[in-house]
Amino acid sequence: MLKIEDRTTLQVTKVGGHIGAVAEGLKIGADLDPSQVRDFRNALLQHKVVFLHGQGHATDADQYHFAAQLGEVTSPHRTVKGDGKAVLPIDSEQGKANSWHTDVTFVDRIPAISVLRAVTLPPYGGTTVWANTVRAYETLHPAPKSLVSGLRAIHSNQYDYAGEHPQRGGIDVREERYRQEFAHLLFLIEHPLVRIHPETNEPSLLLGHFVRSITGLSSQDSQDLFALLQRHITRLENTVRWSWQPGDIAVWDNRATQHYAIADYDDHPRLMNRITVAGDVPVDIAGETSRVIQGDASGYSTLAETDAA
């Protein structure tokens, strides 16, 4: 049961002009004050990524219960088992996510929210950068903006950071097993380049490294447009960079951001535990939804089926 003395006012402080805030006055776990959860979610919608300090008490169970108060918790990953329930370990020994992406865009029901907890940090480096894809669309020149609003792209898990990463003199047995686990299913999904946020109604650019091609364009034109849009999304003024400390948790709106975990910590271990909250199927400016080409994501979350019913 929630004790009256546990109810504290959430204090939110911006850390960047266009993205990012720190929230104080919240200790993650089960049975939070609903008003705190509401205020936290509102801060998340406004700032796109919210950081929590001083959560060294947190266990996987605390992280799970916190995420569950934000929405339906997904399985760890559509193709990787994780802990079998909800936690996906992001372990440097299995690879490094050295590229810009939005989590799990290779399924139709892209997660709404990601909750990442620092477990083991390197002595230096290992920072993470987030980019605001809503502001990226807002500040796009009118000419490319009119072009991309009607385009779609094919996303595939072939490019998943959890299984695909630069090779550095070969891969060890653990890494190879992880890659094989990831590759045992193939997903292909066609998403709009511009999706409408289901809670804020803001349009945002939906890209990242899971994109295989842009529908209807030649390979070269697809690559060129993708590169132009990604450069715009990741302009420094659209981003916030976080230097992790023990006990830190980052929560981001996966429908309005991309992120990049920087692999600049040599061979030191880095372990982060991620839990994701289910999201709905993206809808474009014209009201059309994403289209499944291959793969069944029903084992990942049930939110899409609930919405369809």
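1. On a 1 Å grid over the protein atoms alone, a cavity is a set of points where a 1.4 Å probe fits but cannot get out, and its lining residues have an atom within 4 Å of a point. Grid points are joined across faces, edges and corners, and a volume is the space filled by probe spheres set on the points. The largest cavity, on these terms, has a volume of about 110 Å³. Of the 13 residues that line the largest cavity, Ile90, Leu116, Trp252, His259 and Ala261 are the closest to its centre. By the same rule, the count is four cavities of 30 Å³ or more.

2. The model is predicted, so that local features need pLDDT of at least 70 and side-chain atom pairs count only at pLDDT 80 or more, while totals for chains, interfaces and linings use all residues. Residues are numbered from 1 along each chain as its sequence is written, and side-chain values use heavy atoms, with hydrogens and water left out.

3. The lining of the largest cavity divides into seven nonpolar, three polar and three charged residues, where Ala, Val, Leu, Ile, Met, Phe, Trp, Tyr, Cys and Pro count as nonpolar, Asp, Glu, Lys and Arg as charged, and the others, Gly among them, as polar. Strands β14 (257–261) and β15 (271–277) each supply at least two residues of this lining.

4. The secondary structure of the chain comes to seven helices and 16 strands, taken as DSSP runs numbered from the N terminus (helices H or I, at least four residues; strands E, at least two). Of the 309 residues in the chain, 53% are buried, where buried means under 20% relative accessible area, exposed over 50% and partly exposed in between (1.4 Å probe, protein chains only). Among contacts (heavy atoms within 4.5 Å) with a separation of 6 or more, 84% join residues 24 or more positions apart.

5. Helix α1 (residues 34–47) has 14 residues, which at 1.5 Å a residue should span 20 Å, and its end C-alpha atoms are 20 Å apart, in agreement; the expected span is 1.5 Å times one less than the number of residues. Within α1, Gln36, Val37, Phe40, Ala43, Leu44, Leu45 and His47 are buried, and what covers the buried residues of α1 includes β1 (11–14), β2 (21–24), β3 (49–52), α2 (60–68), β5 (113–120) and β13 (249–253).

6. Backbone angles deserve a check at a few places. Most residues other than glycine have a negative phi. Lys48, which follows α1, has a positive phi near 75 degrees. Val104, in the loop between β4 (88–91) and β5, has a positive phi near 55 degrees, and Val104 is buried, with a relative accessible area of 2%. Asp266, in the loop between β14 and β15, likewise has a positive phi near 55 degrees.

7. Ala261 lies in strand β14 and is buried, with a relative accessible area of 17%. Not counting residues up to four places away in sequence, Ala261 touches Ala97, Asn98, Thr127, Thr128 and Arg270. The C-alpha atoms of Ala261 and Arg241, 20 residues apart along the chain, are separated by 9.7 Å.

8. Val292, in strand β16 (residues 291–294), counts as partly exposed at 39% relative accessibility. Leaving aside residues up to four places away in sequence, Val292 touches Asp108, Leu188 and Ile189. Val292 and Phe106 are 186 residues apart in sequence, and 9.5 Å apart in space, C-alpha to C-alpha.

Terms used:
On a 1 Å grid over the protein atoms alone, a cavity is a set of points where a 1.4 Å probe fits but cannot get out, and a pocket is an open set with protein on both sides within 12 Å along at least five of seven lines; lining residues have an atom within 4 Å of a point.
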